[in-house]
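Here is a short briefing on one helix, its aromatic rings and the core around them. Keep the structure open as you read.

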Amino acid sequence: MKESFWGYFIIICGIVGIAIVFLFQDVTNTNDQNYYLLKEITEASMVDAVDITYYRQNGIIAINKEKFTENFIRRYAESSSLNKTYDVKIYDIVEQPPKVSLSVSSMSTMFNFTGDQFNITNRLDAILEDKEQK
């Protein structure tokens, strides 16, 4: 009987260990995923939002606020994970010169035993530069 309790104890310790590994993996992957998604999607959305007619008339790069916001939200929604809750905050959009300040917070719905929720927040300030050719 004593040996069977040791067997149960080892199995329970293994299950608890695997749960802890999944928890840390979920947090780490969330931070990395959010950072790279935020960086790449912001750059792509800023390029898509460039106002071509204004550039052709004046030779100065400017972006459209509404088009940037629409592209950013659409791209982020397509690329993000479905098992997390995201909070996207766009603080500042300057049309000329193109500058954007935003943050994305994610809340994991996995491993929420105690009711305490933790947010992982990534902030980004991006400036779109042109390569001036002479």
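A nonpolar core is a set of buried Ala, Val, Leu, Ile, Met, Phe, Trp, Tyr and Cys residues, joined through side-chain atoms within 4.5 Å. The model discussed here is predicted. Its largest nonpolar core has 18 residues. Helix α3 is one of the elements that each supply at least two residues of this core.

**The core**

- Ile-63, Phe-68 and Phe-72 have the most contacts inside the largest core.
- Besides α3, at least two residues each come from α1 (2-48), β2 (99-108) and β3 (119-127).
- The largest share, four residues, is supplied by α1.
- Beyond residues up to four places away in sequence, Ile-63 touches Met-46, Ala-49, Val-50, Asp-51, Ile-93, Val-94, Glu-95, Pro-98, Val-100 and Leu-128.
- In soluble globular proteins, nonpolar side chains tend to be buried together.

**Helix α3**

- Helix α3 covers residues 65-79, 15 residues in total.
- From first C-alpha to last, α3 reaches 21 Å, close to the 21 Å expected at 1.5 Å a residue.
- Phe-68, Asn-71, Phe-72 and Tyr-76 are the buried residues of α3.
- Viewed down the axis of α3, these buried residues fall within an arc of 120°, so they line one face of the helix.
- An α-helix has 3.6 residues a turn, so residues three or four places apart point the same way.
- Glu-66, Glu-70, Ala-77 and Glu-78 are exposed on the other side of α3.
- At the start of α3, a side-chain oxygen of Asn-64 comes to within 3.3 Å of the backbone nitrogen of Glu-66.

**Asn-71**

- Asn-71 sits in helix α3.
- Its relative accessibility is 8%, and the cut-off for buried is under 20%, so Asn-71 counts as buried.
- Apart from neighbours within four places in sequence, Asn-71 is in contact with Ser-45, Asp-48 and Ala-49.

**Aromatic rings**

- The structure holds five aromatic pairs.
- Tyr-35 and Tyr-36 have ring centres 5.1 Å apart and planes at 75°, so this pair is edge-to-face.
- Tyr-35 has 37% relative accessibility and therefore counts as partly exposed.
- Phe-72 and Tyr-76 have ring centres 5.8 Å apart and planes at 25°, so this pair is stacked.
- Phe-72 and Tyr-76 are four residues apart in α3, about one turn of the helix.
- Phe-72 and Tyr-76 are both buried.
- Phe-68, Phe-72, Tyr-76 and Tyr-86 form one aromatic cluster.

How values were computed. Residues are numbered from 1 along each chain as its sequence is written. This is a predicted model: local features need pLDDT of at least 70, side-chain atom pairs count only at pLDDT 80 or more; totals for chains, interfaces and linings use all residues. Side-chain values use heavy atoms; hydrogens and water are left out. The expected span of a helix is 1.5 Å times one less than its number of residues. Buried means under 20% relative accessible area, exposed over 50%, partly exposed in between (1.4 Å probe, protein chains only). The arc is that of the directions from the helix axis to the C-beta atoms. A polar contact is a pair of N or O atoms within 3.5 Å; within protein, one must be able to donate a hydrogen and the other to accept it, and residues adjacent in sequence count only if both atoms are side-chain atoms. Rings of Phe, Tyr and Trp (its six-membered ring) pair if their centres lie within 6.5 Å; planes under 30 degrees apart count as stacked, over 60 as edge-to-face and the rest as tilted. Contact means heavy atoms within 4.5 Å.
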